[in-house]
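Please look over the sequence and the structure before reading on.

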Amino acid sequence: MDKAPEAFRTISEVADELEVPKHVLRFWEAKFAHLKPMKRGGGRRYYRPEDVALLRGIRFLLYSDGYTIRGVQKILREHGPRFVMDYRRMADVDDQDEAMAAAHEIPDVAAEAAQSGGTVAREPDETARLTPQKLSAVLDEIETCYRVLSSVKD
């Protein structure tokens, strides 16, 4: 018998749905303060629909996006549980899933350089443009490093 979407779920039901062991759900409760399933006598857990949605988001961030426990804790702290729930829901949509994968792609510069004979030409990123202030700060840092290395050498 299927439960209504708004029905509470036991830890076994949630573990089966998310394809994670029950001890992982208990561990996540200890690591993520936003996870607070209702507990009945004897410590039996009942997960609300919001708890299950949050768990789905946490599972997605950890297993699909490769975040660490600390990384997900930081996201929860900075953006809140609603963001994690919505993040997972966005990933359920095929079009958005592909867009998110493209946005999370990390270029393999070493492989590209090896294929092209050692250098990779890239279009300059607008946010990465060097301003005179940035160049001056970099130059100051290089000069400081040079002085430190020179003093150690002598």
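**Strands and salt bridges**

In this predicted model, two bridges join E2 to strand E3 (residues 45–47), and the two strands run antiparallel.

Q: In what order do the three strands form the open sheet?
A: The pairing in this open sheet is antiparallel. Strands E1 (9–10) and E2 (38–39) each have a single partner strand, so they stand at the edges and one side of each is left without a neighbour in the sheet. The order is E1-E3-E2.

Q: Which residue in E3 stands opposite Lys39?
A: Strand E2 covers 38–39, and two bridges join E2 to E3, residues 45–47. The residue in E3 opposite Lys39 is Arg45.

Q: How far apart in sequence are the parts that the Glu29 and Arg45 pair ties together?
A: Glu29 forms a salt bridge with Arg45, with the closest N and O atoms 2.8 Å apart. Glu29 lies in helix H2 (residues 22–31) and Arg45 in strand E3, so the pair ties together parts separated in sequence by 16 residues.

Q: Is Asp51 buried or exposed?
A: Asp51 lies in helix H3 (residues 49–64) and forms a salt bridge with Arg48, the closest N and O atoms being 3.6 Å apart. Buried means under 20% relative accessible area. Because its relative accessibility is 5%, Asp51 counts as buried.

Q: How far apart are the closest N and O atoms of Lys74 and Glu78?
A: Both residues lie in helix H4 (residues 69–79), four residues apart, about one turn of the helix. Lys74 forms a salt bridge with Glu78, and the closest N and O atoms are apart by 4.0 Å.

Terms used. Residues numbered from 1 in each chain as written. Predicted model: local features only at pLDDT ≥ 70, side-chain atom pairs only at ≥ 80, totals over all residues. Heavy atoms only, no water. Pairing = 2+ DSSP bridges. Buried < 20%, exposed > 50% of the residue type's maximum accessible area, 1.4 Å probe, protein only. Salt bridge = Lys/Arg side-chain N within 4 Å of Asp/Glu carboxyl O.
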